[in-house]
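The stops below can be selected in order.

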Amino acid sequence: MPCRRKGAKIKQISKFERGKIVGLCEAGLSYRAVAARVQRNSSTIMRVSKQWTDEGRTARKSGSGPRNVTSAPDDRRLTSAAAWAARKDSFIQDSSHAKPSLFVFSDETRFNLWHHDGRIGVRRYAGERHIPECIIERHSRRTPGVMVWGAIAYHGRSQLLRIVGNLNSTRYINEVLQPRAIPFLQGSSGAVFQQDNARPHVAKTVKSYLDSKQVQLLPWPAYSPDMSSIEHVWDIVGGRFARDLRPVVSTDELWLRIQTI
């Protein structure tokens, strides 16, 4: 029967070490990687992490081991400090090969020949929708205007493109992606391309074309156009155009004015 080594003891895990383990696990490291960093076995790492996930604690259960000499606030501060230090250490060690993604945001928008599109907002109470004070007559035809496409990234912007008529998936590939978007993306190595969920953007032919060009797309939630950073650009252009009191008599003149802005 093998003899147990005389005086062998199991090293207890300190609160700071437990906090460090939790921080490294939350930073995305595997149990094996954490074990290598703190010189513990993987089963110990898994047990400490499970205690934190299931029970929200890093300390051992009361009744085992020596008496606790720190207060509960001290324990929380110690755990938070260890977890923060562990995440910082993990980030520093991984930052040498981790590179943040560069995003390219794109969108189409419409600028009208006049400063508004004929719609006027009215504040009213419930049940007042059809009273004369809340109704105004207007023409039902679409206000003349110019549809444009553009893209922006951290380092610059694409050329502005005028779109005449309705944009379908074929025109989107031939007139937008191929001549404008792809060259702009090629100037940004590893960039992630954003386009909203407009029908021409999500067509199978468009997805196949972007796949063939190895373009990485940013997943876009439904009904969320205002999340794109380029919306701020359109607001700036529209605001400057609205402050220009010179009359614009044609869509061609409007297009030149938008290009200048």
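Helices here are DSSP runs of H or I with at least four residues, strands are runs of E with at least two, and both are numbered from the N terminus. The model is a predicted one.

Begin with the largest pocket, which holds about 410 Å³ of space. Its lining counts 17 residues, and those closest to the pocket centre are Arg157, Leu160, Val233, Val237 and Ile261. Now colour S2, helix H7 (230-243) and helix H8 (251-260): each supplies at least two lining residues. Which helix gives the most to this lining? Helix H7 does, with six residues.

Next, select helix H5, residues 169-186. How far apart are the end C-alpha atoms of H5? They are only 21 Å apart, whereas a straight helix of 18 residues would reach 26 Å. Centre on Leu177, where H5 bends by about 55 degrees; Pro179 follows within four residues. At the N-terminal end of H5, show Asn168, the cap: one of its side-chain oxygens lies 3.3 Å from the backbone nitrogen of Thr170.

Show the side chains of H5 as well. The buried residues include Tyr172, Ile173, Val176, Leu177, Phe184 and Leu185. Among the elements covering the buried residues of H5 are strand S1 (103-112), strand S2 (145-153), strand S5 (192-194) and helix H6 (204-212).

Finish in the loop between S1 and S2, at Ile136. Is Ile136 buried or exposed? Ile136 counts as exposed because its relative accessibility is 56%, and the cut-off for exposed is over 50%. Val122 is 14 residues from Ile136 in sequence, and their C-alpha atoms are 9.9 Å apart.

Technical notes: Residues are numbered from 1 along each chain as its sequence is written. This is a predicted model: local features need pLDDT of at least 70, side-chain atom pairs count only at pLDDT 80 or more; totals for chains, interfaces and linings use all residues. Side-chain values use heavy atoms; hydrogens and water are left out. The expected span of a helix is 1.5 Å times one less than its number of residues. The bend at a residue is the angle between axes fitted to the seven residues ending there and the seven starting there. Buried means under 20% relative accessible area, exposed over 50%, partly exposed in between (1.4 Å probe, protein chains only). Contact means heavy atoms within 4.5 Å. A polar contact is a pair of N or O atoms within 3.5 Å; within protein, one must be able to donate a hydrogen and the other to accept it, and residues adjacent in sequence count only if both atoms are side-chain atoms. On a 1 Å grid over the protein atoms alone, a cavity is a set of points where a 1.4 Å probe fits but cannot get out, and a pocket is an open set with protein on both sides within 12 Å along at least five of seven lines; lining residues have an atom within 4 Å of a point. Grid points are joined across faces, edges and corners, and a volume is the space filled by probe spheres set on the points.
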